[in-house]
Number of protein chains: 2
Amino acid sequence: MRETEIVARIRKLAEAGYQGRAIVKGIGDDCAILRPTANEDLVFTSDMLLEGRHFTRRTHSPADIGHKALARCLSDLAAMGAEPVFCLVSLAIPAGLAGPWVTRFYRGLLAIATKYQTTLAGGDLARFEKIIADVICCGCVPRGRALLRSAAKPGDKIYVTGKLGKSWRRNLRPEPRIEAGSTLRGLGVRAAIDLSDGLSLDLQRLCLESQVSAEIDADLPIARGSTLEQALHAGEDYELLFTAAPKLSLPARAGTLPITYIGIIAPGHYGRVLFNGRPLTPKGFDHFA
Amino acid sequence: MRETEIVARIRKLAEAGYQGRAIVKGIGDDCAILRPTANEDLVFTSDMLLEGRHFTRRTHSPADIGHKALARCLSDLAAMGAEPVFCLVSLAIPAGLAGPWVTRFYRGLLAIATKYQTTLAGGDLARFEKIIADVICCGCVPRGRALLRSAAKPGDKIYVTGKLGKSWRRNLRPEPRIEAGSTLRGLGVRAAIDLSDGLSLDLQRLCLESQVSAEIDADLPIARGSTLEQALHAGEDYELLFTAAPKLSLPARAGTLPITYIGIIAPGHYGRVLFNGRPLTPKGFDHFA
C-alpha cells in the first residue's frame, strides 16, 4: 500500500470520529487549522510511545497501542484541568504493518479520542524498523485558570485521585482523568501533575516547580494486589496528584473517582519529599538513569 | 546524566531563545500554555525526522539535525502563509548521546527557532536505539486567510519560489519560506503547498485536494548542477508551490526569492499533471512505495 492510500484510509477513519467545531481544517493540508474561542487558553503537550520501551507487539494489540498513545497525552491535559480539543499523530511503522495494523491502531486511538471529544486533526506518517507513535494534544481551559505544577503553597493539603501502584503490565488501556481534572479545577484546587512516572518522582517534580517540599503523612490508596513500594514508585498510574488550600472543602469523589488525602506541602527544602518522617528517594521512571 | 538534568539543560537553552508573548507557560509543566490573539486562526503540523531515513550521524552534525527537524516543520507553516508561534520537540536518543550531543542538537534547533521567532515551548524526551525527532509547530494567520491546498481553481496560474532539484544531500540546512509565504498570502494568492516530496507528487496532491488538474507549460527554475529529472521529482526542495488568479499581478520576487511561472490549473482529470502535454507520473518520495 502506498503512503497516499494509507493517509486516505486514516483520513476516512478520522472523519468518522469526533469532529469538534474549533477545527476548521483537519487532515488533508500542510497544517490543521484551529479557530480559538475567546477567553480561553490553549494547552499543548507531546508524548512519544516507543516499541520495546513502552510496549511490545506481544503484550499490546494495535488498538491497545493506539489507545495508550493518546491516553498518556490526554493525561497531561487532565493535569492542567483542561478539556481536550484535538490531537496530531506522528506514526512510524515497519512496511509490513502498512495494511490492517494501521487501521486497528487508528481504531483504538479514535475510540478513546471520541470518548474524550478529541478531533484527530493531522500528523505525519513514515516507515521505520520499529513502531513510534508521537501524539500531540491540545486542550482548552478558561483564561488564566490552568492548574500548574508551580502553584503549590506551604500548608496546602496533597491529594491523589483513584488508586496507586497499577503498573503498565496490568494497565493496557489507562483512562485519562479528564473529568476529574476539570472538576477539580472548578472546585478551586491549586496545583496538579499527572502520575506518569511514579508518585515519588512526580511529587518531587511538583515540589521543585513550586519551590516547596512535601510530607506524606497518611495511608496511600494502594491498588488491589499492589505493594506500598509500587504505589510509591511505579510509573503509569495516570492518576492526578494535586494540592489545595487547607480550608478548601473537597468532596470524597471527583466524578466517579475517589479522592484521598496523602500529605502536606511544607516550606523550604525544595523538592524534598518525606515519607514517615524520612526523605524518600525518587525511584520513578527515568529514561536515562 | 539523568533525565531531570537533561531536561533542565534543555529548559535553560530554550529560555535563552526566542520568547513570544503568546506563550504564557513554556517548559516545566505538564503542558505549555498559549494565550491566543483575537481574530487569528492557529495552524498546526508535525514532522518526524528518523535516523537512517532522513539523515545519518555521518552526514549530519547534531546542529544540522536540530536545524532540519524544525525547518521541515516551519516549511509547512510557510505553505499556509502563517507566521510561527511555537514548537514542541519529542526527542528520542541513544543513552550515549545524552550529554553534549543533546546540547548541540538544541543549539541548532534554537538558532533557526530564534531566526523565525519560534518559542520552544515543550516536548518529550526518551531513550531509544536511534535518533527520532518529532517536531510540532504552531503558527498564526489572520482569521480565514490561511492558504489551502484545496483552493486552486481552473485557470489559476501556477508558480514556484526559488530553484528546484536541490536534494537533501546538498541541502543540510534548508530555509523555510516563512517570509515568502506570508508575503504571498498578503498579495492574495489562492492555494499553496510546500515542496517537500518533489514537484510531481506535491503538485498532484494540490490538484487532488482542489479537484483540478495541472499543466506544466514553462521552463522550470532548475537549481545549478541539478537535472530536469531532479527538479521534477527530487524531494526536500522546501520551496513553495502556489496558484493565483490569472489576473493577479505578482512581483518578480517574494522577499529575496524569485517567483517563477511554471504552468496552469485546468478543470477535470482530478490530480493529473501534464508535462509537455503528456501525463507526468509522480516519482516523489513515498515512504511505503
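Two strands are taken to pair if DSSP finds at least two bridges between them, and the strands themselves (E, at least two residues), like the helices (H or I, at least four residues), are DSSP runs numbered from the N terminus. The structure described here is a predicted model, in which local features need pLDDT of at least 70 and side-chain atom pairs count only at pLDDT 80 or more, while totals for chains, interfaces and linings use all residues. Residues are numbered from 1 along each chain as its sequence is written, and chains are lettered from A, with ligands numbered from 1, in the order in which they are written. The model scores ipTM 0.96 and pTM 0.96.

The relation between the two chains is considered next. When copies are superposed by least squares on the C-alpha atoms of residues with pLDDT of at least 70 in both, chain B is brought onto chain A by a rotation of 180° with 0.0 Å of shift along the axis, at an RMSD of 0.0 Å. This is the relation of a two-fold axis. The same surface serves both copies, in that 100% of the contact residues of chain B recur in chain A, where contact between two residues requires that their C-beta atoms, placed from the backbone, lie within 7 Å. The contact draws 58 residues from chain B and 58 residues from chain A. On the side of chain B that touches chain A, strand β3 (residues 40-50) of chain B gives the most, with nine residues. That side of chain B divides into 32 nonpolar, eight polar and 18 charged residues; here Ala, Val, Leu, Ile, Met, Phe, Trp, Tyr, Cys and Pro count as nonpolar, Asp, Glu, Lys and Arg as charged, and the others, Gly among them, as polar.

Strand pairing also crosses from one chain to the other. Strand β3 (residues 40-50) of chain A pairs with strand β2 (residues 32-34) of chain B in the antiparallel sense over three bridges, and within this pairing A:Phe44 stands opposite B:Ala32. An open sheet is formed by six strands in the order β1(A)-β2(A)-β3(B)-β6(B)-β4(B)-β5(B), with mixed pairing. Its edge strands, each of which pairs on one side only, are β1 (23-25) of chain A and β5 (119-127) of chain B. Neighbouring strands of this sheet are turned against each other by 25° on average, direction ignored, with axes taken as lines fitted to C-alpha atoms, for helices over the stretch in contact, and angles running from 0 to 180 degrees between N-to-C directions. Inside chain B, β3(B) and strand β6 (residues 132-142) run antiparallel and are joined by 11 bridges, with B:Asp47 opposite B:Val135. Helix α2 (residues 62-79) of chain B lies across β3, β4 (83-93) and β6 of that chain, and runs at about 140° to β3(B).

A further set of pairings in chain A involves strand β12 (residues 257-266), which runs antiparallel to strand β7 (residues 157-161) and is joined to β7 by five bridges; A:Lys157 stands opposite A:Ile264 there. Strand β9 (residues 213-216) of chain A is likewise antiparallel to β12(A), over four bridges, and A:Ile216 faces A:Gly263 as the residue opposite. Strand β11 (residues 253-254) of chain A, also antiparallel, is joined to β12(A) by two bridges, and A:Arg253 has A:Pro258 as its bridge partner. The hairpin of β11(A) and β12(A) has two residues between the strands, and in this hairpin A:Gly255 takes a positive phi near 65°.

Individual residues complete the description. In helix α4 (residues 178-187) of chain A, the buried residues (20 or more other C-beta atoms within 10 Å of their own, against 12 or fewer for exposed and the range in between for partly exposed, with C-beta atoms placed from the backbone) are A:Ile178, A:Ala180, A:Gly181, A:Ser182, A:Leu184 and A:Arg185. This helix is followed by A:Gly188, whose phi is positive, near 95°. A:Lys283, in the segment after β14 (278-279) of chain A, counts as partly exposed because it has 17 C-beta neighbours inside 10 Å. Leaving aside residues up to four places away in sequence, A:Lys283 touches A:Gly198, A:Ser200 and A:His233. B:Glu229, in helix α6 (residues 228-233) of chain B, is exposed, with 11 other C-beta atoms within 10 Å.
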